[in-house]
Amino acid sequence: MKKLTVIASVAIAAATLASCGNSTPKANLKNDVDSMSYAIGMAQTQGLKEYLVYRMGIDTTYMDEFIKGINVGANAGDDKKKAAYYAGIQIGQQISTQMMKGINHEVFGNDSTQTISLKNFLAGFVSGTTGKKGLMTMDQAAQVAQLKMQQIKTRSMEKVYGKNREAGEKFLAENAKKPGVKTLPSGVQYKVIKEGSGAVPADTSKVKVHYEGRLIDGKVFESSYKNGRPIDMQCNQAIKGWTEALVHMPVGSVWEVYIPQQLAYGEREAGEIKPFSALVFKIELIEIVK
């Protein structure tokens, strides 16, 4: 059975080989070996068509081309030159059908009118693969990719959701003038609903809290009060605005906390929370667990 598995792996790997004009071999079952060979070949295709369609995105309209590729790959033997070429075809298709789509979605979201440069992507890809004529070191490339991706993603999100930032800034500016509202150096605002008298947690403390989260229009997007069960969490494993509030709250306190977008989710979208949204939380600090 192990040998058959190897054959199956070869058949699947051949799905990405380049097409050629080879004709499909015709069966000629003259003896037991011929019959066995044919039977093994057919048996190894179980589930292959579904794999091609659902895992590799192959259009069955072009199955003839797939068969040509199978013939070319299967007849290549141990030709290292052809093996290298076929590997390039396979990875190139992955770049086209998977990498490019994934990167574009990560950077530009659902805006299908924008795309990264395939030409420059391939130039960098080839330089990194061969180690020749690179314009950056590998470490520099990782840093530049992360920085530029974040900058471009932010600009892209700003075009769509920039009004959320403006609305949040206006809301916080007006809220800061209201009686009882205090502002921390970070920009987080809070209003004491109930003053606690217990210890104040550190950022690494684990605490038990009840909370309710609202958008600035008053819509509740999440609440632990609904199911009646408070949550345990570590102060520094929440959004920055939460951490900032918790490390100033004595146990037993109930605060209404107003968090600027950059200390909430920023340009990220989280369920009902759209990018650049300022948030309002009622936070009840029940106890420090440890």
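Glu 106 is partly exposed, with a relative accessible area of 40%. The model described here is a predicted one. Lys 153 is buried, at 18% relative accessible area. The two side chains form a salt bridge, with N and O 3.4 Å apart. Glu 106 belongs to helix α5 (residues 80-108) and Lys 153 to helix α7 (residues 138-175), so their pairing ties together parts that lie 47 residues apart in sequence.

The structure holds eight salt bridges. A few others follow.

## A pair within one helix

Glu 65 and Lys 68 also join their side chains in a salt bridge, at 3.2 Å from N to O. Both sit in helix α4 (residues 63-74), three residues apart, so about one helical turn separates them. An α-helix has 3.6 residues a turn, so residues three or four places apart point the same way.

## A network of charges

Arg 214 and Glu 212 meet through their side chains in a salt bridge of 3.8 Å, N to O. Salt bridges with shared partners bring Glu 212, Arg 214 and Glu 256 into one network. Arg 214 counts as buried, with 19% relative accessibility. Glu 212 has 22% and counts as partly exposed. The cut-off explains this: buried means under 20%.

Glu 256 is buried as well, and it lies in strand β6.

## Strand β6 and its partners

Strand β6 covers residues 254-259. Six of its six residues are buried. Val 254, Glu 256 and Tyr 258 point one way from the strand. Trp 255, Val 257 and Ile 259 point the other way.

Which strands pair with β6? One is β2, which runs antiparallel to β6 and is joined to it by five bridges. Tyr 190 has Val 257 of β6 as its bridge partner. Lys 191 stands opposite Glu 256. The other is β7 (residues 279-288), also antiparallel, with six bridges to β6. Here Ile 259 has Leu 279 in β7 as its bridge partner.

## The hairpin

Strand β2 spans residues 189-194 and strand β1 spans residues 181-183. They run antiparallel and are joined by three bridges. In this pairing, Val 181 faces Lys 191 of β2.

β1 and β2 make a hairpin, with five residues between the strands. Gly 187 lies in the turn and has a positive phi of about 105 degrees.

Glu 244 lies in helix α8 (residues 240-246). This residue is buried, yet has no salt bridge. What is the nearest side chain of opposite charge? It is Lys 240, 10 Å away.

What does Glu 244 meet instead? Its side chain makes a polar contact of 3.4 Å with the side chain of Ser 186. Beyond its neighbours within four places in sequence, Glu 244 is in contact with Leu 184, Ser 186 and Val 188.

## A capped helix

Helix α2 (residues 32-43) contains twelve residues. From first C-alpha to last, α2 reaches 16 Å, close to the 16 Å expected at 1.5 Å a residue.

Asn 31 caps the N-terminal end of α2. One of its side-chain oxygens lies 3.1 Å from the backbone nitrogen of Val 33.

## Two residues with positive phi

Lys 133 is not a glycine, yet its phi is positive, at about 55 degrees. Lys 133 is found in the loop between α6 (118-130) and α7. Its relative accessibility is 79%, so Lys 133 counts as exposed.

Phe 276 is not a glycine either, and has a positive phi of about 65 degrees. Its place is in the loop between β6 and β7. Is Phe 276 exposed or buried? Phe 276 counts as buried, because its relative accessibility is 2%.

Terms used
Residues numbered from 1 in each chain as written. Predicted model: local features only at pLDDT ≥ 70, side-chain atom pairs only at ≥ 80, totals over all residues. Heavy atoms only, no water. Helix = DSSP H or I, 4+ residues; strand = E, 2+ residues; numbered from the N terminus. Buried < 20%, exposed > 50% of the residue type's maximum accessible area, 1.4 Å probe, protein only. Lys, Arg positive; Asp, Glu negative; His and termini not counted. Salt bridge = Lys/Arg side-chain N within 4 Å of Asp/Glu carboxyl O. Polar contact = N/O pair within 3.5 Å; in protein donor to acceptor, adjacent residues only side chain to side chain. Contact = heavy atoms within 4.5 Å. Pairing = 2+ DSSP bridges. Expected span 1.5 Å × (residues − 1).
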